[in-house]
Amino acid sequence: MHLSRASGILLHPTSLPGQFGIGDLGQSAYDFIDFLVETRQQVWQILPLGPTGYGNSPYLSYSALAGNPLLISLEWLEGDGFLEKSDVAHSPDFPRDRVDYDWVYDTKMPLLRKAFENFKAKASKIQQSEFEKFRDRHANWVDDYALFMALKDEFVGKSWNEWDAPIAHREPEAMDKWRNHLADDIYYQKFLQYEFFRQWTSLKKYANENNVNILGDIPIYVAHDSMAVWAHPEIFCLDEETGKPSIMAGVPPDYFSETGQLWGNPVYNWERLRETGFDWWIQRFDGTLDYVNIIRIDHFRGFEAYWAVDGAETVATNGEWVKAPGDEFFQILGDKLGKLPIVAEDLGVITPEVEALRDKYEFPGMKILQFAFDSGSENPFLPFNYASDNFLVYTGTHDNDTTVGWYESRSREDQEKVLDYLGCIEPEGLHWSLIRMAMSTRAAYAIIPIQDILGLGEEARMNTPGRANGNWEWRYTPEMLNGEVREKLKKMTHLYGREAKKPGE
């Protein structure tokens, strides 16, 4: 895939403003698209949209394809008659700049349940028909997902491998028993997914009609406590007795950690996947295209070789690289679905073999400017070393500190190195100078985290790898996107030839 020159913003929907303590798919999301249109951006990059568990990481979801119910707009449900005006007229005094996930969950979920009860009682024939169409179209995952989530509630949040053995192992008699026993809860979970998809589809359509493409993620791994592992244990490396990962995923020591990162996800049984023609992966890519226009594969290098750590280890240091059948998989994926709009997250320990796999299928890679200043002139992240334009350049990603936070944490000597390279214009601010550098490169896409557009410090960091809690909480407030920010971004986008034409121009 070759991309046309453009720019865009990295912002997860949870970070949008809104009265119910978390960003959602309501008016603030449409307002953000209007901001992108006004400033001539062509890309909105998001993180995975799935329902999250402990730690609230979108990269540890209960499902590879389901949507997060906390993103459902309650105002939409009120507009459809499934909630009362009084339900949405007032909300608790949530913090405006952070998500308190427990508080949000305790507030929104009872209202979503009320909307479901009203849907059952009041849905029109057209609405009932749309629900049935959704259920039929997504039957390959939504039936198992709805049962999985209903069982999670029944077993008070326990991991699936700690449920009663018959249902943990999906014995047919137990499956029938629990489907009957939890029928209403299963219906409720399907309703939540129907409503999420209905709202997201409308939002994506609005973005696309305004020449804004959605760039989203496929995390290479899924959470151990997820529908995918419970429903398809044969395609993962699991201990047969405990159901726990027998081999875990991670990375060796890297930029973020001296002992590496031990993610805890089970790695794939690639031999079994090969025997099935990689059906599960093909369905995953196909389903993800319902959400996004462009797919970023997080940890792309794992398709060439992955870091495998024994399930008994507590750190990632004692692992090994194991070859993966990425070439064979992407060939079959292309045969089944055609040439897909895929971006390869090719950061970390990248070998010539990984680069060859990326380049064979013409997947754009990534460059991070915050990584450009910690070595000499040969550093591959320095713009004068960019060998082509088929990649995306970022000031930083969701895993990095904000540009201001990153700069302020550097030694004075290292700060001087950054300033010397940038020829930094002091009144402009360091963050705008790095954005200017990104915009001016030959990269096809320049993607800027909204925190960098706003010039925010480390308090606005989205995620710190290796930290279990306190991530994924940051939100912006509407007044931050003021006229000065809009004009600066619009001017810079025009100056470096990345602007989108407004519809009709």
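Does glutamate 362 count as buried, exposed or partly exposed, and at what relative accessibility? At 41% relative accessibility, glutamate 362 counts as partly exposed, because that category covers the values between under 20%, which is buried, and over 50%, which is exposed. The model in which this residue is examined is a predicted one. Glutamate 362 sits in the loop that connects helix 14 (352-360) with strand 10 (365-368). Its backbone also deserves attention: phi of glutamate 362 is near 60°, a positive value in a residue other than glycine.

Asparagine 56 is not a glycine, yet it has a positive phi of about 65°. The loop that holds asparagine 56 runs between strand 2 (43-45) and helix 2 (74-79).

The chain as a whole may now be considered. It contains 19 helices and twelve strands. Its radius of gyration is 23 Å, close to the 23 Å that the globule rule gives for 505 residues, so the chain is as compact as a globular protein of that length. Along the principal axes, the C-alpha trace spans about 70 × 55 × 40 Å. Of the 505 residues in the chain, 58% are buried. Contacts between residues at least 6 apart in sequence give another view of the fold: 75% of them join residues at least 24 apart.

When residues up to four places away in sequence are not counted, tryptophan 230 touches Asp144, Leu147, Phe148, Leu151, Trp160, Trp163, Ile167, Ala168, Arg170 and Met175.

Leucine 215 belongs to strand 3 (residues 213-219). Leucine 215 is buried because its relative accessible area of 1% falls under the 20% limit. Apart from residues up to four places away in sequence, leucine 215 touches Val43, Trp44, Gln45, Ile46, Ile294, Ile295, Arg296, Val343, Leu392 and Tyr394. Aspartate 136, by contrast, is 79 residues from leucine 215 along the chain, and their C-alpha atoms are separated by 26 Å.

Which residues does lysine 152 contact, leaving aside its neighbours within four places in sequence? They are Tyr62, Gly157, Lys158, Ser159, Trp163 and Asp225. Lysine 152 is located in helix 6 (residues 139-154), and at 3% relative accessibility it counts as buried. The C-alpha atom of lysine 152 is separated by 28 Å from that of isoleucine 297, a residue 145 places away along the chain.

Asparagine 118 lies in helix 4 (residues 101-122) and is buried, with a relative accessible area of 18%. Not counting residues up to four places away in sequence, asparagine 118 touches Phe82, Leu83 and Ala123. Asparagine 118 and leucine 83 are 35 residues apart in sequence, and their C-alpha atoms are 7.5 Å apart in space. Glutamine 128, in helix 5 (residues 125-137), counts as partly exposed at 38% relative accessibility. Between glutamine 128 and glutamine 193 there are 65 residues of separation in sequence and 14 Å in space, C-alpha to C-alpha.

Threonine 477 lies between helix 18 (450-453) and helix 19 (483-495), in the loop that joins them. Beyond its neighbours within four places in sequence, threonine 477 is in contact with Pro17 and Arg96.

Methods: Residues are numbered from 1 along each chain as its sequence is written. This is a predicted model: local features need pLDDT of at least 70, side-chain atom pairs count only at pLDDT 80 or more; totals for chains, interfaces and linings use all residues. Side-chain values use heavy atoms; hydrogens and water are left out. Helices (H or I, at least four residues) and strands (E, at least two) are DSSP runs, numbered from the N terminus. The radius of gyration is taken over C-alpha atoms; the globule rule is 2.2 Å times the number of residues to the power 0.38. Buried means under 20% relative accessible area, exposed over 50%, partly exposed in between (1.4 Å probe, protein chains only). Contact means heavy atoms within 4.5 Å.
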